[in-house]
Amino acid sequence: MKSIIQQITEQYRLSENKEAAAVKAEINDPKTGNSRRNFLKKTAMGGIALGGLMSMSFEDTIAQTTSNVSRSSSPSDLKITDLRVAVMGNVGRTALIRIDTNQGISGIGEVRDGADERYALMLKSRILGLNPCNVEMLFKIIRQFGYHGRQGGGVCAVEMALWDLCGKAYGVPAWQLLGGRYRDKIRLYADTPGARDPQAFALTMKKRVEEQGFTWLKMDLGIHVVANIPDSLVNTKIWDGATGQYDLKEYMGYGNTLHPFTQVQITEKGLAGLAEYVEDVRNAVGYEMPLCADHFGHFDVNNAIRFGKAMEKYRLAWLEDMVPWFYTDQNKTLSDALETPIATGEDIYCLKGGFKPLLDARAVDVIQPDLGTSGGLLETKRIGDYAEESGVAMAMHMAGSPVCFMANVHCAAATQNFLALEHHSVDNPWWGNLVKMVGTKPMITKGFANVPLDAPGLGIELNEDEIRKHMNPKSNKYFDPTPEWDEKRSHDRLWS
Amino acid sequence: MKSIIQRIAEQNKIREKGEAAALKAEINNPATDNGRRNFLKKAAMGGIALGGLMSISIEDTIAQTTSNVSRSSSPSELKITDMRYALTTVLGGTAIIRIDTNQGIYGLGEVRDGADVRYALMLKSRILGMNPCNVEMIFKSIKQFGGPSRQAGGVCGVEMALWDLVGKAYGVPAWQLMGGRYRDKVRLYADTPETKSAEDQMKLLKHRTEVQGYTWLKMDLSIDELKNIPGTLVNTKIWEDSTKILAQWGDQSNYISYANTKHPFSQIQITEKGIEELAKIVENVRSLTGYEIPLSTDHFGHFDLNNGIRLGKALDKYRLAWMEDIISWELTDQWKTLSDALETPMITGEDIYLLKNFKPLIDLHAVDIIHPDLATSGGLLETKRIGDYAEEHGVAMAMHQAGTPVSFMANVHCAAATQNVLALEHHSVDLTWWESLVKTTDGRQLITKGFANVPLSAPGLGIELDEEVVKSHLHPNDKSFFAPTPDWDQRRSHDRIWS
């Protein structure tokens, strides 16, 4: 036994000497960059052995000695040196961000779809020079710049990129930095286009289920479905037919008018028309398949209750955003009146001041944060955990690129009460090609996203060629320098 | 009687004809620009008489027929065409913004001192093309972009500029658009100058009150003043910076510096001796100023409410006007504890955005006085709403201000229109060129002996910029002077915060 140990020790010493010599050679080579040289000097000092790491920090000592951890950077010396953007078009304006460091590694993130990239650029001056591994502290510094809807986009983009960076610095997947994983694959849900034409619809559903492998579907179920059937709706003329939910040009138009203020009503005939529509969908997909519904239109809670009651028999997975999320009381009224799950959340920023009131009041059955608005990976996991304690499940809203998608995958892996993650670009042939997977598994396999087990950070690299094909025509710079955002021009403290 | 009426009608008809002819001449004159020409065409249609205004809106009909109202613009056709700025050096960087229209009139506003002018520029794309007279609607559409402290600077700057514009469009002072005024002059408060020698301080204080005429003073009372006296403070070493100062506004790039550590988390304590020393400072000032003059205190430092209460009790006898920001504004429960424990008024508010966020403090009566900064609280209308709500709950309002004469005047109009206003801060009393940044449009003096004059007839905010003076005080980092801002024309975000 003793001789075996002696043998192993001797072999170890020989390999150490070799490594030390190689490191010394690299240090002395004039071609070696300065930061690399500093790093190598640190590792060479005393040799790469348990006794010889006295000059390094605790984290680096651990990183060094546990030989499975990548040594490609010295995490405690890491500093943010830049933040750049590339604005592409997908579902909407989609800005990718890249945070660079002094050690040649970068983190990628994404601003919420449909948001101004300047929401992220404004944060650059607040994070330059800081160590990106202190994700929580940096989040707290920039948090005040986020808000509901697209306004959370900048903060969340930075947060995602920081986890990517931190993961790369230590060679650890993002889900592991959140406390570990509950699952190896993430259930996805997809939309169901074309329900108006039963035959075409049946074909699309066959594709969705059998070919693409989705196990959860979502349908649009709005008053627009019955808008052309006479006597289905009350008071729509003044709202130009009440079909323009997304037309925000006029401040006083239907698109900008909150649900209680339109006083549109749905008649019995209208409800019958809507029920027939859902019946057709159920006939095509069956009942085993969870089927949720969204985009109802802007009508009040009374009509929402009547609508919901007419849908009860179809056992829909959830009714989404039937009343605005910030009317806690109305959500509670709706929830109590119906036996179908009520869901909301894609516009809510953070737990405090956002999801908390709804959860404390037990006003919804399912929350559906969009990680590009809710606060990033860590905050969204916190939201999920708080919901779990309140007995509420969590689905995830997503209409971004694979960057945001993967951020969601890691968060979903690490959050127990996760149900399903939206994939909004199912029929987009080039969407998946925007990134390359770093690990061994493909991004998606038959309706499930694969949790990267062997890739650090978010587990992806950008595919520059593909991204360049889809840049925003007016803002088409691919990660060009952004020096006008280097300086902080404001006092940030929110108290005196 | 009948003949008098007939005579008046006849005179009116003759005058009208004369005006119509003049109008026609101006319309035909190639030098007249398009916006003005369109307006004139409308006015000429049918003549300027009660019967002949069928083609214009009711506001314009009223405006036309009540001949005392300025006809310099057709308010219902007003549209915002641009937003530009100039960054002054006042208080570390304070941007004045200008909102231009299609009728040649413009409104002036100001971004909160120390705030990034881009907070306002971000709003440009949301307001272009809109009618600036619909102030409330525009405020509601940009409100979501504001936040506490400097983050509301853009929203408030735009709001101020809109009132200036509406006022100019109708020839009405801003306070009148708030519902009327309670006062003709607004009481100001100023800081107490600090010098090394007691004699000099006496001279300066006398100058403040007797020559400059201030009737309300505010002094700094910071624990940092105890640093050289041993035995006065507990646990300060860990918070001192490299020059051994407890720097309240110090290293803010260090997230866990003293400057960024909120009051409950420093665990600095003041000893009996420390409290005595601080009381001595106040005693000294009171001996110089007497008791008649209200004396407020601020900038205490970052220690918790327990120490705040002990200090407050020791200062009780000096009948201070208020103790400001002893702890951070959002700690409602702690404010209530402080308020209940002390018989000196408690005050906070300069970083609070919107009535919604003042409500918890007011509803609980957790403070005696609120202290909004109009360039953060939400602009003129929202700040009046805040004052009115406070009034209903028996809470007074003072106004924090540390900007240029632009936001100063916005405050003056709001203060004129809000009953429970006590005093408005003038933070730049000793800055000799500060007042000359603007010219009053009605020839009044901006300030007379410690009181701001409420403009009784000047439209809007009642000021114009003195371009030469502003140009000579531009910030070294950005010396552009109302240069074009086309980068901000386009909206690049979906703004609705609900689905």
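Now look at where domain 2 and domain 3 of chain B touch. On the domain 2 side, 31 residues are in contact with 20 residues of domain 3 of chain B. Which elements give two or more residues to the domain 2 side? They are strand 2 (94-101), strand 3 (106-110), helix 5 (135-142) and helix 6 (153-170) of chain B. Helix 6 of chain B gives the most, with ten residues. If you sort the domain 2 side by class, you find 13 nonpolar, eleven polar and seven charged residues.

The largest nonpolar core has 132 residues, and within it I97(A) and A120(A) touch the most other members. Helix 6 (residues 153-170) of chain A supplies the largest share of this core, twelve residues.

Zoom in on A120(A) for a moment. Leaving aside residues up to four places away in sequence, A120(A) touches V85(A), A95(A), I97(A), V111(A), G153(A), G154(A), A157(A) and V158(A).

Strand 2 (residues 93-101) of chain A pairs with strand 3 of chain A in the antiparallel sense, over five bridges. One pair to find on your screen is D100(A) and its bridge partner S106(A) in strand 3. Between these two strands the hairpin has four residues, and G104(A) takes a positive phi near 80 degrees there.

Is strand 3 of chain A buried or exposed? Five of the five residues of this strand (residues 106-110) are buried, so the strand is largely enclosed by the rest of the structure. Both of its faces are covered: S106(A), I108(A) and E110(A) are buried on one side, and G107(A) and G109(A) are buried on the other.

For contrast, let's visit two loop residues of chain A. N235(A) sits in the loop between strand 6 (233-234) and strand 7 (265-266). Its phi is near 65 degrees, a positive value in a residue other than glycine. N235(A) counts as exposed because it has 12 C-beta neighbours inside 10 Å. R362(A) lies in the loop between helix 12 (351-360) and strand 11 (366-367) of chain A, and has a positive phi of about 50 degrees although it is not a glycine. With 14 other C-beta atoms within 10 Å, R362(A) is partly exposed.

Now step back to the whole chains. Chain A has 16 helices and 17 strands, and buried residues make up 46% of its 496 residues. Chain B has 16 helices and 17 strands, and 44% of its 499 residues count as buried. The two chains also touch: 30 residues of chain A are in contact with 29 residues of chain B. The chain A side of that contact has eleven nonpolar, ten polar and nine charged residues.

Finally, a word on confidence. Chain A averages a pLDDT of 91, and 89% of the residues score at least 70. Over residues 44-55 of chain A, however, the pLDDT is below 50, and this stretch has 22 contacts in the model beyond near neighbours in sequence. Where pLDDT is low, the predicted coordinates should not be read in detail.

Conventions
Residues are numbered from 1 along each chain as its sequence is written. Chains are lettered from A and ligands numbered from 1 in the order in which they are written. This is a predicted model: local features need pLDDT of at least 70, side-chain atom pairs count only at pLDDT 80 or more; totals for chains, interfaces and linings use all residues. Two residues are in contact if their C-beta atoms, placed from the backbone, lie within 7 Å. Ala, Val, Leu, Ile, Met, Phe, Trp, Tyr, Cys and Pro count as nonpolar, Asp, Glu, Lys and Arg as charged, and the others, Gly among them, as polar. pLDDT is the predictor's confidence in each residue, from 0 to 100. A residue is buried if 20 or more other C-beta atoms lie within 10 Å of its own, exposed if 12 or fewer, and partly exposed in between; C-beta atoms are placed from the backbone. Two strands pair if DSSP finds at least two bridges between them. A nonpolar core is a set of buried Ala, Val, Leu, Ile, Met, Phe, Trp, Tyr and Cys residues joined through C-beta atoms within 7 Å.
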